[in-house]
Amino acid sequence: MKEIIESGACTLGIELGSTRIKAVLIEEKGAPVASGSHGWENRYENGVWTYSLDMVWDGLQDAYADLLKDVDEKYGAKIKDLKGIGISAMMHGYMAFDKDGQLLVPFRTWRNTITEAAASALTKKLKFNIPQRWSIAHLYQAILNREEHVKNIEFLTTLAGYVHWKLTGEKVLGIGDASGMFPIDASTRDYNSSYVEIFDKMIEGCFFDWKLLDILPKVLVAGEEAGKLTVEGAALLDKSGNLQAGIKLCPPEGDAGTGMTATNSVAVRTGNVSAGTSIFAMVVMEDALKEVHEEIDVVTTPEGDNVAMVHCNNCTSDINAWAEIFRGYSKAMGIEVDTNKLYETMFKAALDGAYDCGGLMGFNYFSGEPVTDFEQGRPVFVREVNADFSFANFMRLNLFSAVSTLKYGLDILFKEEEVKVDKLYGHGGFFKTKEVGQRIMSAATGGPVTVMKTAGEGGAWGIAVLALYMAEENKKGLSAYLNDVIFAGETGETVMASEEEIAGFDKFMEKFVKALPVERAAIDFIG
């Protein structure tokens with residue numbers, strides 16, 4: 001392995017997630033060789049959820065240095081050359097730069113729900129759902145607000161696109177990530193030209209002279225080369241100075257595209273659920289949606305095929321908060337609790353709870369949740385007077401709450417739009433405890449949920465695989481490549497909820513929808 005690494009035969013994937021930046025090194029069949037990570041958290045500053053650019057580069061360098069440490073400890077090797085590099089990050093948001101490459105306003109992440117007027121106006125005008133977190137919604141809201149910086153925009157991109165640009169000098173974006181900036185035409189594998197024309201007419205006579213395509217990154221699809229690591233880029237990433245310039249990079253992608261890749265769900269009628277700080281489900285569609293639904297986004301696979309996506313801003317944050325309560329109680333009792341044991345105990349207890357949570361209800365909304373039309377969030381727990389208030393029911397409620405808003409959107413997709421899915425794959429922290437997350441998700445979706453052995457590797461592994469695919473000669477399609485090379489022989493573990501569990505979740509959801517005014521009251525009256 002030392003020889004393989006030092007010969008430059010491996011590929012590197014780096015993903016900047018919501019709470020962790022992870023770097024993964026893989027060999028030519030896709031097996032992970034080493035990894036490194038860096039923890040970080042977004043900040044709420046001046047009404048905006050953001051990460052500073054210093055946080056981005058400090059985190060990237062630390063994650064890569066942690067990877068180098070792992071490589072050295074395991075193999076006594078140094079990384080000088082690579083077959084390819086891939087950069088991925090949380091999708092959407094707003095990073096606007098001027099002609100000198102300076103960030104004009106602090107990075108506005110996907111978590112912000114400050115673009116309701118723009119998203120609504122664009123959805124009506126384009127007759128295509130534009131979610132609040134999309135880059136075009138942030139841009140148009142800045143225009144509606146007559147923000148001074150808009151006239152100076154030279155380049156608008158995502159976090160992955162920004163990092164890739166600084167490493168290579170190329171203003172490009174993978175089609176999956178681009179589909180979270182502006183709608184994509186699956187037939188041309190590019191921005192939808194009709195919608196571009198409509199948007200440009202909407203901004204005619206405004207206080208700036210650029211047009212939309214002047215400032216958006218060029219769209220690339222999986223398998224294409226997206227530039228080479230520059231001398232400056234190598235120095236930015238690797239403080240040891242060993243990494244050489246000239247390494248090829250694949251198109252930078254969003255966490256949706258890397259999640260699809262990491263779960264082998266890029267083919268038609270496959271889907272996946274990514275559940276961590278946020279939660280989203282994606283299903284690769286056979287046909288376009290019949291109606292416009294504000295609860296459902298249309299994005300693409302890394303190859304450009306249409307994907308129905310239900311994206312919710314909140315998932316595991318409230319579970320994490322309760323974990324700290326239980327840790328604090330244990331500490332007060334003089335008991336030190338292992339973190340993994342704590343979460344495993346919490347999750348496993350949920351399986352002993354009543355199928356409908358026994359009269360408990362809750363909302364896990366730390367931030368706004370556009371799917372259910374909330375511009376802000378307040379975590380709420382409430383119970384009926386005669387509820388069975390047990391630890392098992394409380395934990396089942398917390399896991400239900402984490403996925404209920406997703407179910408709210410998926411019910412529209414499966415029941416109203418009649419979209420079919422043959423396989424649904426799960427990945428992310430929600431599925432870490434064996435069986436539990438899968439069983440809860442299966443109860444929510446009414447179908448089997450599969451977790452692959454590689455699911456824990458996540459998006460960093462997914463973008464490393466896309467970098468490997470870029471380096472492949474005589475390419476097949478991405479789905480065939482994943483089936484024949486990366487996932488050959490792997491079927492994963494599948495869990496199917498019982499009819500009683502599915503019926504229990506449906507009963508819970510009836511109460512969940514009726515209780516939404518409780519969340520509204522919390523927002524209105526609790527600061």
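Reader: How much space lies in the largest cavity?

Author: About 50 Å³. This is a predicted model, so to read it: local features need pLDDT of at least 70, side-chain atom pairs count only at pLDDT 80 or more, and totals for chains, interfaces and linings use all residues. Residues are numbered from 1 along each chain as its sequence is written, and side-chain values use heavy atoms, with hydrogens and water left out.

Reader: What counts as a cavity here?

Author: On a 1 Å grid over the protein atoms alone, a set of points where a 1.4 Å probe fits but cannot get out; lining residues have an atom within 4 Å of a point. Volume is the space filled by probe spheres set on the points, which are joined across faces, edges and corners.

Reader: Switching topic: is helix α14 mostly covered or open?

Author: Mostly covered: 10 of the 10 residues in α14 (436-445) are buried, meaning under 20% relative accessible area with a 1.4 Å probe, protein chains only. Helices are DSSP runs of H or I, at least four residues, numbered from the N terminus. Arg-439 is among the buried ones. Just after α14, Gly-446 has a positive phi of about 80°.

Reader: What does Phe-199 contact?

Author: Beyond neighbours within four places in sequence, its contacts (heavy atoms within 4.5 Å) include Leu-122, Tyr-140 and Phe-182.

Technical notes:
On a 1 Å grid over the protein atoms alone, a cavity is a set of points where a 1.4 Å probe fits but cannot get out, and a pocket is an open set with protein on both sides within 12 Å along at least five of seven lines; lining residues have an atom within 4 Å of a point. Buried means under 20% relative accessible area, exposed over 50%, partly exposed in between (1.4 Å probe, protein chains only). Helices (H or I, at least four residues) and strands (E, at least two) are DSSP runs, numbered from the N terminus.
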